[in-house]
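Me: I have a structure to work through. Please take me through it in short steps.

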Amino acid sequence: MWSEKSFEAKGEKEVQCKISLLDLPEPALDCILECFSPAQLCILAQVCSSLKVRCRNDHLWEKHIKRKWGRVIGDSAYQEWKWHIAIRENENTIGQQVQNGSLGSLSGFWPLLCIGSFLENCRLPGNSLSESSMMAWYISLEKGKFWFPAQVFRSGGLMLYCYDAIVSYDSQTDKFKARYRYSGWRMIEENIEWDRLRAAPAQNPHVRHLFNGLSDLKPGDHVEVQWRSNRELPYDWWYAVIGHLESCEQDNRCHCDLSDMLVIEFRQYSPGSQYRRTVLNKRNHLGEQAVSGVGLYGGIRKLNGEETEIWRKFWPTLIL
């Protein structure tokens, strides 16, 4: 807190100069505080009331949230966090919700999961800490109290897809655990690395994704395709590549992009597998398309180069 410097002037005795951190100009102090870690800010906030206010500033904690959580948390997660806190701050609503079990233990019924998040414990640390602050949100994320929506990549065996889930962070292992929408949210996967997560879009996973660029897709384009085995389940996203029609000579005279039919290739399966190729109708871009013995196909997303590279990291070592 104090900087001490000794200096000697001509004909004068040595004196001590003490400079308080709070004596610094505000821009300089803010710049210093931005260099502190979340743990250091929490400690510094206990020194005095003035530093308590400064160290809990939303501006500081928003940067820490973006730095650590930005890749796996989207705007929808923050909106849902505020939704839970609004319930927390309304005592009458809380009393009713707790009785219903929506803010209870993880083993109970999860009526709020249609929203896609869950606040495991509605009591946050610090009586003077605003529960709607960025600092409170960071602490709940760090302690694994806030289960936020995310998408999880899964590969291995017959699997190369991305599923929607709500995830909770474990600071002891620096990994995540996820609950997903099968068997009433009771299914759980643990020890999930950071690189297997991405932010969830603000879209219900039971709803078909609408893509207006089907007519522009051409062989070689990398895409994600929604798929599910039956209508009771949410969609998962599967990595695929746009292929050529069987009638195409695959040379300079290729006109597959002009056809009403779109070939989807899941190249992790060997040629000849019933799962390798699927042909969808571009004209049926508003409805779900069923393929006998395979499943139901929803919407399509075209991938950019960065998104494609992320999928390629999970490519199986053996063709199935």
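Me: Which residues of helix α7 are buried?
Reply: Buried means under 20% relative accessible area, with exposed over 50% and partly exposed in between, for a 1.4 Å probe and protein chains only. Helices here are DSSP runs of H or I with at least four residues, strands are E runs of at least two, and both are numbered from the N terminus. In α7 the buried residues are Met-134, Met-135, Ala-136, Trp-137, Tyr-138, Ile-139, Ser-140 and Leu-141.

Me: What kind of model is this?
Reply: Residues are numbered from 1 along each chain as its sequence is written, and side-chain values use heavy atoms, without hydrogens and water. Local features need pLDDT of at least 70, side-chain atom pairs count only at pLDDT 80 or more, and totals for chains, interfaces and linings use all residues, as this is a predicted model.

Me: Is α7 largely enclosed or largely open?
Reply: Eight of its nine residues are buried. Those buried residues pack against α2 (38-44), α4, α5 (75-89), β4 (146-156) and β5 (159-170). So the rest of the structure leaves α7 largely enclosed.

Me: Are α4 and α7 roughly parallel or roughly antiparallel?
Reply: Axes are lines fitted to C-alpha atoms, for helices over the stretch in contact, and angles run from 0 to 180 degrees between N-to-C directions. The axes of α4 (residues 58-69) and α7 (residues 134-142) come within 8 Å and cross at roughly 30 degrees. Angles under 35 degrees count as roughly parallel, over 145 as roughly antiparallel, 65 to 115 as roughly perpendicular and the rest as oblique. Therefore α4 and α7 are roughly parallel.

Me: How many residues in the contact of α4 with α7 are nonpolar?
Reply: Contact means heavy atoms within 4.5 Å. Residues on the α4 side include Trp-61 and Ile-65, and those on the α7 side include Trp-137 and Leu-141. Ala, Val, Leu, Ile, Met, Phe, Trp, Tyr, Cys and Pro count as nonpolar, Asp, Glu, Lys and Arg as charged, and the others, Gly among them, as polar. The contact has four charged residues, one polar and, for nonpolar, eight.

Me: Which side chain makes a polar contact of 2.6 Å with that of Tyr-169?
Reply: Tyr-169 sits in strand β5 and is buried at 6% relative accessible area. A polar contact is a pair of N or O atoms within 3.5 Å; within protein, one must be able to donate a hydrogen and the other to accept it, and residues adjacent in sequence count only if both atoms are side-chain atoms. At 2.6 Å, the partner side chain is that of Asp-174.
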